[in-house]
Amino acid sequence: MIERAFTMTVGGSPVHTAESIEVIDPATEAVLAEAPRATEMDLESAIAAARDAFPGWRSRGLDDRRAAVRAIAVVLRDNRDELAALLTSEQGKPFALARGEIDRAAMWADGVADLEWEERVAEDTEQHRVRVRRVPLGVVGAIVPWNFPVTLAVWKIAPALLTGNTVVLKPSPMTPLTGLRLGELLRDVLPAGVLNVITGGDELGPWMTSHPGFDKIAFTGSSATGKRVMASASEHLTRVTLELGGNDAAVVLPDVDVAEIAPTLYWACFSNSSQYCLATKRLYVHDDVYDDLARALRDYGLSVRIGNGMAEGVQLGPIQNRTQFDKVQGYIEQSREAGHRFVLETPIEEPSGYFIGPVIVDDPPADAPIVTEEPFGPIVPMLRFTDVDAVIDAVNSSPYGLGGSVWSADTEAATAIAERIESGVVWVNEIHALSPQFPMGGRKESGIGRENGIEGLLEYTATQALAVRK
Ligand code: NAD
């Protein structure tokens, strides 16, 4: 158990609460720490602090705000090991990957700070001149899930602050510690009230989305919750960006090099124990290479080390929480009861913790829940195909449209298929390459709006057409 008290950050000051929430280490199921449980009054204070800080922050020069966002990157790097250890303890991911997440978040802050956008002149006639300006919205509520608690927080904080907004960040109650610690570390770096961090129970998110004090809610989480967020935010017509669930497909054509591609596809499916919105959740494999790839995935999968993320050499950690663990076990049981065969079942040796070894299901029916739903855990269906048009129809039949990938020795043919996939991001012969420079987000029930790139950045602004009579 971590003995230190974690505090919320409101108006640049630490805030303790009378009640707390227990944070569980998913690798041991032991209580790791207590986190503050915000009251409605705490939320009011955080919004008021962000509101008070807004005019000063908005009127700072852009170069100042760029420097502040870069300073976040410095803080992340300077405290990388401490933050990574906290992240592994509360989230479960292997320590090396936790360090990678902190580094990536720092790289993101730097990358966002470098983004350039310009106002444009829409009309310039004898009568008048119309400038199209981008102005900050005001106070942004940032709501973050438990799978990438640091990266997904920085994806919101950096563009919101750069464009002149102030922020109230709410980490997930499952993984509150890294967000709280980041708030503590940034108290001396950012002006008071520019970034506030509050944590609480399941009641805090709905309080935020229905509160008239927010000008925008930037939300990442499940599609079911995203719909509730949008319904709630509609009361005050609060702007939303919704980054939601996915059921991404990988389409593997018959000309691939099976030995080379198997480890890549394994990690496409199972990295972060598949708790990744952009994880490959359906593997469509051409009949010509299906059996060879199944064998290669099985052999590779059995060589992967699963265990406590703090142990040396571990490649996959536990499922992050009990609810998710039960849900994923439910999918495995359902498949077993339906008589599906398994290409891969991975044994677990840990005595406790929410561990589930990756499972690949052998060609289940197209309407099996494991094909049509998002388990958000390490069970993936491998589906045999022969006809490309039929497979594209199958891929696009999902209500989700987040990411996807196509794999082939023929880049041109693969690209032609990728262009027909109805999703916000599609990769050809690579996967999970993301950057601050290009937009990412979903179509259909995978979300509304984009994060990253100029498109994502501008979602933190309002368009103002300023017409001046000559
Ligand atoms: P979740 O929807 O349960 O929770 C996400 C956040 O919303 C948490 O902070 C939670 O406390 C808060 N919340 C819960 N109910 C709320 C409500 N009614 N109103 C406002 N806030 C509420 O999601 P999760 O289980 O933490 O994360 C997993 C899901 O997130 C998966 O579906 C995954 O695909 C998705 N995800 C999407 C992206 C993306 O960029 N598209 C990235 C990561 C995760």
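In what order do the three strands of the open sheet with antiparallel pairing stand? The order is E5-E6-E22. The model is predicted: local features need pLDDT of at least 70, side-chain atom pairs count only at pLDDT 80 or more, and totals for chains, interfaces and linings use all residues. Residues are numbered from 1 along each chain as its sequence is written, and side-chain values use heavy atoms, with hydrogens and water left out.

**Three-stranded sheet**
- Strands (E, at least two residues) and helices (H or I, at least four) are DSSP runs, numbered from the N terminus.
- Strand E5 (120-124) and strand E22 (461-469) are at the edges with a single partner strand each, so one side of each has no neighbour in the sheet.
- Neighbouring strands here are turned by 25 degrees against each other on average, direction ignored.
- Strand E6 (residues 128-136) runs antiparallel to E22, joined by nine bridges; two strands pair if DSSP finds at least two bridges between them.
- Arg 131 stands opposite Leu 466 in E22.

**Seven-stranded sheet**
- A second open sheet has the order E14-E15-E16-E13-E12-E18-E19, with mixed pairing.
- Its edge strands, E14 (341-345) and E19 (427-428), each pair on one side only.
- Strand E18 (residues 404-407) pairs with E19 in the parallel sense over two bridges, and Val 406 stands opposite Val 428 in E19.
- Helix H9 (residues 258-270) packs on this sheet, touching E12, E13, E14, E15, E16 and E18 (contact means heavy atoms within 4.5 Å).
- The direction of H9 makes about 150 degrees with that of E13; angles run from 0 to 180 degrees between N-to-C directions, and axes are lines fitted to C-alpha atoms, for helices over the stretch in contact.

**Helix pair H3 and H6**
- Helix H3 (residues 80-91) packs against helix H6 (residues 177-185) at about 155 degrees, with the axes 9 Å apart.
- That makes H3 roughly antiparallel to H6 (over 145 degrees; under 35 is roughly parallel, 65 to 115 roughly perpendicular, the rest oblique).
- H3 contributes Glu 82, Leu 83, Leu 86, Leu 87 and Glu 90 to the contact, and H6 contributes Leu 177, Thr 178, Arg 181, Leu 182 and Leu 185.

**Ligand surroundings**
- There are 27 residues around the ligand, of which Val 144, Lys 170, Thr 225, Leu 244 and Glu 374 come nearest (near means a heavy atom within 4 Å).
- A polar backbone atom of Val 144 is 2.7 Å from an oxygen atom of the ligand.
- Lys 170 has a polar side-chain atom 2.8 Å from a ligand oxygen atom.
- For Thr 225, a polar side-chain atom lies 2.8 Å from an oxygen atom of the ligand.

Definitions and conventions
Polar contact = N/O pair within 3.5 Å; in protein donor to acceptor, adjacent residues only side chain to side chain.
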